[in-house]
Amino acid sequence: MSQYTEQRKQRFFSLKWKVVLLFSLILLIVNAGLTAMGYFEQRQLFNTYQLQIRDQQARQVKALLEKSFYKLEQIALMIPALATATTPSPQVPLADKLQNFFTHSASTLDLEWGLAEASYYSPHNERLFSWQIEQYDNGSFKNLVNAVNASELPLNMLYCGLRCSQFVAVPLLDGGRKAGVLLVGRSLADVVIEFTELAKADIAVISKPKELNSLVGNSRYLRDWQRYIAAASNLNQVQPLLEKFTQQAGMKQLITSDFRGSLDGHHYTMSIVPASSDTGVISADFLILTDITSVVRQIRAATTKSVLIGLAGFIFSEILLLLILRQPLKRLLLISDSLPLMAKNAFNQVRDKLTNKQHAWLQDEIDIAGDSAIDLTHTLERLNQEVKNQTERLVKHSDELSSERDFLTAIMNSAQVMILTQDCDGTILTINEEGRDFIGVRNYQRGSRFFSDSFMASGDNDELQHALTRIKIGMVSSYQHDATTFSSDGNKRTISWIHSHLPGKPYPNVPILLSVGLDITDREVAKQRLTWLANHDPLTELYNRRNFQVEFEKILTLAERYHHNSSLLFLDLDHFKFINDSSGHQAGDALLQIVAKKLKEITRTSDLIARLGGDEFAIVIPESDSNSAVLFAEKVMQELKQVSLPLKGRSYRVSASIGIVTYPDHGSNFQELLSNADLAMYQAKEAGRDGWHLFSDSEHAREQMNAKVTWKDKIEQALADERFILHFQPIMHIESGDISHYEVLIRMVENDDSITMPGEFISIAERTGQIHAINRYVLRASIEKLSTLQEMEKPINLSINLSGRVIDDPQLLQQLTHMLHESGVNPRQLVFELTETAALADVNAAERLMTELQALGCRFALDDFGVGFSSFYYLRELPLDIVKIDGSFIKHLPSNTKDQVFVKALTEMATALGKETIAEFVEDEPTLKLLSDLGVIYAQGYHIGRPSSQIPVISSAAGLGTPVLDHG
């Protein structure tokens with residue numbers, strides 16, 4: 001023991017010096033770390049600031065470049081007008097006007113607008129003249145001019161050779177026609193100067209001209225980059241900097257980060273900003289040089305100051321530490337001498353030794369350590385009692401674990417997931433009740449089943465065994481997979497399994513795996529259904545528009561690769577809206593399903609068929625030409641004609657209008673082909689429906705469609721602004737000369753207060769469906785007019801023209817009933833006119849409409865009577881009140897005996913059937929007298945009175961003469 005003590009004393013090293021050395025080392029590290037941290041933080045702040053400056057400068061360069069391009073574009077757009085204004089004769093060609101303008105205004109263009117060059121190209125990309133641009137290669141602008149002529153949109157580019165210029169090409173119009181392209185350019189010097197003034201930094205424009213080899217030795221040639229300084233601010237200072245820095249940094253480095261260098265005691269940062277044009281061609285690069293000398297010097301001064309302050313603090317801390325440690329270490333030695341007594345269980349001696357120590361006037365950690373040693377003696381004495389208590393607690397904890405085990409067992413058996421354990425060979429060791437029900441074994445014997453046989457389909461076992469082996473050797477912690485198998489009841493199920501290593505050692509030296517399976521069959525079925533719905537129309541089970549586009553583009557890709565033709569048929573069902581409105585959407589849906597089924601029957605498996613929306617279908621026939629497409633379209637029409645849909649006691653026959661396009665004759669992409677097919681379908685409808693139309697670029701269908709859209713917008717706006725007005729034309733009773741009957745005529749007021757006649761917009765309104773809104777307006781305004789005149793005690797009748805499309809309006813009767821009820825107008829005061837052509841187009845519907853209106857108390861007139869071949873037959877069949885003889889039989893009545901015979905026969909027939917007659921286009925007194933002789937009851941025409949916005953009031957009438965009208 002004495003030998004050990006002696007050896008320990010030889011190796012003794014005072015704690016005071018250990019603390020001093022350790023504290024010194026820590027202090028040194030802390031001071032050095034703080035100094036380094038301050039330095040790096042300043043560098044980081046500087047780098048961040050420089051990055052912000054770089055981004056700001058890049059944005060400034062691009063903004064100035066775009067601003068300059070925009071200004072140059074505006075100048076280019078003004079030049080044709082100025083050239084025309086300065087040319088005395090308007091017959092001078094535009095090229096001569098421009099050349100004359102540039103020749104006489106060269107100094108003004110250069111000094112005031114900064115223009116340096118210009119060229120004018122024809123619509124066929126031929127240069128007609130150039131101004132100060134011969135030094136450039138004309139081919140350099142070929143792509144730009146071609147692009148502007150093709151798109152008719154202004155484009156710009158940056159052309160850099162030995163100097164850099166901005167060019168803008170704008171399309172020109174002359175007399176409303178495409179007149180070519182004007183190309184103007186100017187130097188980049190203004191952008192360089194403006195950036196230098198704005199950013200307070202130098203900038204250089206570097207380019208790579210074609211004559212680069214001839215520039216070797218030139219003072220502006222940057223040999224390491226093989227670039228030429230086309231322009232620069234402060235060239236005398238920038239040039240030597242670039243010559244040095246290009247030797248130290250590459251262009252690729254500058255694209256991702258700034259370069260910093262120094263020259264003659266000054267520090268600089270260099271960054272690059274690529275310049276691009278509308279055509280996407282990178283023509284030059286902007287190099288930005290910023291002097292950062294003052295910032296670098298500030299960082300160095302701050303770092304030196306921080307090091308000096310840290311060194312002074314270190315020396316002062318060492319001296320203070322020695323003074324502080326001297327007295328506490330003496331008291332610590334007393335505690336260390338008392339601790340060995342605890343090993344001898346001399347707890348009382350330890351207490352006596354430490355209790356009698358001299359306390360300082362203020363306790364510190366050493367005093368606390370002495371008190372802790374005393375507390376430790378008491379703790380050791382209580383150790384036996386604590387051990388006994390701990391044993392009792394362990395027994396109690398064991399009982400709790402047993403209860404938890406039983407609880408977990410109950411959970412496993414009641415959980416709606418399969419939980420089992422298996423070894424790495426796949427032998428099932430334990431399995432819960434859910435798993436036993438799945439495999440159909442109520443009393444499972446350990447090791448009697450294998451996991452792969454019970455829960456895996458054949459062919460997936462190799463991958464599973466490989467994964468389980470990786471879990472066994474600890475390469476992975478778990479493995480998840482989905483398996484499809486059959487349950488004990490014979491149903492195919494999908495189970496999601498998670499296998500993991502089971503912690504603990506229930507079976508020594510045997511790795512156990514925990515496998516948990518969740519039945520996700522319903523989720524997989526729902527997922528497959530959602531996937532199907534995303535690609536199909538749920539009503540017809542055809543492809544929807546989105547998936548049709550995807551599959552069609554695949555067909556176009558193959559057709560382009562193998563140079564095949566393909567055809568697209570665009571189908572639109574005729575009168576589908578009528579079925580929806582008259583029989584309900586269920587009938588419309590049934591019709592769509594029948595049509596879809598028929599289309600699937602007559603198409604091949606290689607054909608693509610889809611419902612694009614509403615009653616629109618599309619069929620793509622791969623590897624087919626226009627002849628094959630036409631034959632197939634005719635087949636489709638014949639098959640659809642055999643389809644019938646029973647509706648309210650009658651059978652509705654299906655027909656469609658088909659537009660046909662072929663690839664690549666009528667388009668090269670999906671949108672273009674579909675748009676042209678839509679136009680062709682529209683042409684088929686315009687031709688009378690139930691037919692096909694092959695698209696042709698020479699047709700004016702697109703212009704007609706645009707005109708239709710324009711008129712549709714005008715009608716829509718006129719309805720919204722209430723810019724429709726009514727005019728009234730008198731109808732005279734020939735025998736008495738009284739006028740109490742007026743025909744209602746609609747007019748549209750344009751924005752300039754001009755009047756548009758109905759012949760210009762009614763046909764468009766009928767095709768776009770806006771005619772229903774116009775009909776409702778005429779009804780409402782006419783009934784309001786009758787209500788006003790009724791209050792003034794003026795008994796008159798109004799004859800209202802109905803469009804042929806009114807037969808398709810199921811809401812007309814309901815709305816008319818409501819208007820009559822609200823206004824109190826007598827329905828007998830309303831006479832509705834329908835043209836013979838419209839009535840004969842659908843006799844059953846026309847007869848039904850007439851009957852319903854007459855049931856309300858209104859009367860019905862057949863307009864333009866006599867133009868059809870079956871006029872007399874339908875005169876007997878239709879429930880008419882009035883017949884209006886077509887004006888073509890009245891205009892030349894006094895001089896045409898054939899017309900007299902026809903009018904007489906028609907009048908006698910109508911009178912015999914109890915119907916009144918009205919003659920239109922009565923323009924003179926002889927016609928009026930002859931009509932009286934022929935037995936016609938009423939007359940209408942300019943001889944009777946012209947249409948007026950006010951209802952005329954009769955002041956007097958004499959026999960069959962012309963009535964005197966007061967238009968007050």
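Biologist: How many residues of strand E3 (residues 155-160) are buried?

Modeller: This is a predicted model, in which local features need pLDDT of at least 70, side-chain atom pairs count only at pLDDT 80 or more, and totals for chains, interfaces and linings use all residues. Residues are numbered from 1 along each chain as its sequence is written, and side-chain values use heavy atoms, without hydrogens and water. Strands are DSSP runs of E with at least two residues, and helices are runs of H or I with at least four, numbered from the N terminus. Strand E3 is mostly covered, and its buried residues (under 20% relative accessible area, 1.4 Å probe, protein chains only) number six of six.

Biologist: Which residues are buried on the two faces of E3?

Modeller: In a regular strand, side chains alternate between the two faces of the sheet. In E3, one side holds Leu 155, Met 157 and Tyr 159. The buried residues on the other are Asn 156, Leu 158 and Cys 160.

Biologist: How far apart are the end C-alpha atoms of helix H7 (residues 235-248)?

Modeller: Among the 14 residues of H7, Val 238, Leu 242 and Phe 245 are buried. The expected span is 1.5 Å times one less than the number of residues, so H7 should span 20 Å. The model agrees, with the end C-alpha atoms apart by 20 Å.

Biologist: Is Val 30 buried, partly exposed or exposed?

Modeller: Val 30 lies in helix H2 (residues 15-85). Exposed means over 50%, with partly exposed between that and buried. Because its relative accessibility is 40%, Val 30 counts as partly exposed.
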